Amino acid sequence: QVQLVESGGGLVQAGGSLRLSCAASGISIGIRPMGWYRQAPGKQRELVALYTSAFSTNYADSVKGRFTIFRDNVKNTVFLQMNSLKPEDTAVYYCNLGGSSVWGQGTQVTVSS
């Protein structure tokens, strides 16, 4: 059974940083596409950062230059490094396996002004 478990969320002041982790089990993430998404209250889930292949990445315009997606295949984990956080980054963050129906349970990120 494939599972994704996110961690690393929390409360941080504006301008601060957090690193989210998405640990996979039941599958080797290898060069698979992996993505981070977020959903704020009352809003639709949106793409934040995406590995489209082994080395190619895409980012939402709102996070370009502040967020970085990277993976550690030894740990079978995908990370999202978030710097210069803003209150509008507040949301539940989810990781997703290659556009599939496999999602983690989410981790809450709250950025105070």
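Begin the tour by selecting P41, which lies in the loop between β4 (34–39) and β5 (46–51). Strands here, like helices, are DSSP runs numbered from the N terminus, with at least two residues (E) for a strand and at least four (H or I) for a helix. P41 is exposed, with a relative accessible area of 75%. The terms for accessibility are these: buried is under 20% relative accessible area, exposed is over 50%, and partly exposed lies in between, with a 1.4 Å probe and protein chains only.

The model is predicted, so local features need pLDDT of at least 70 and side-chain atom pairs count only at pLDDT 80 or more, while totals for chains, interfaces and linings use all residues. Residues are numbered from 1 along each chain as its sequence is written, and side-chain values use heavy atoms, with hydrogens and water left out.

**The whole chain**

Zoom out and display the secondary structure, which comes to 0 helices and 10 strands. Read along the sequence, the pattern is β-β-β-β-β-β-β-β-β-β. The radius of gyration is 13 Å, close to the 13 Å that the globule rule gives for 113 residues, so the protein is as compact as a globular protein of that length. This radius is taken over C-alpha atoms, and the rule is 2.2 Å times the number of residues to the power 0.38. Along its principal axes, the C-alpha trace spans about 40 × 25 × 25 Å. Of the 113 residues, 43% count as buried.

**The sheet of 4 strands**

Select β1, β3, β8 and β7, which form an open sheet in that order, with antiparallel pairing. Two strands are said to pair if DSSP finds at least two bridges between them. At the edges stand β1 (3–7) and β7 (67–72); each has a single partner strand, so one side of each is left without a neighbour in the sheet. Neighbouring strands of this sheet are turned by 15° against each other on average, direction ignored. For such angles, axes are lines fitted to C-alpha atoms, for helices over the stretch in contact, and values run from 0 to 180 degrees between N-to-C directions.

Next, follow the bridges across this sheet. Strands β1 and β3 pair in the antiparallel sense over 5 bridges, and S7 has S21 in β3 as its bridge partner. Continue from S21 to F79, its bridge partner in β8. Strand β3 (residues 18–25) pairs with β8 (residues 77–82) over 6 bridges, again in the antiparallel sense. Further along, A23 stands opposite T77 in β8.

Select N76, in the loop between β7 and β8. Its phi is positive, about 55°, although N76 is not a glycine. Is N76 buried or exposed? At 14% relative accessibility, N76 counts as buried.

Move to S84, in the loop between β8 and β9 (91–97). S84 also has a positive phi, near 50°, in a residue other than glycine. With a relative accessible area of 41%, S84 is partly exposed.

**The nonpolar core**

Finally, show the side chains of W36, V48, F67, L80, M82 and Y93. Of the 28 residues in the largest nonpolar core, these six, W36, V48, F67, L80, M82 and Y93, touch the most other members. Such a core is a set of buried Ala, Val, Leu, Ile, Met, Phe, Trp, Tyr and Cys residues joined through side-chain atoms within 4.5 Å. At least two residues of this core come from each of β3, β4, β5, β7, β8, β9 and β10 (107–112).

Which residues does L80 touch, not counting residues up to four places away in sequence? L80 touches L18, R19, L20, W36, V48, A49, F67, T68, I69 and Y93. Contact here means heavy atoms within 4.5 Å.
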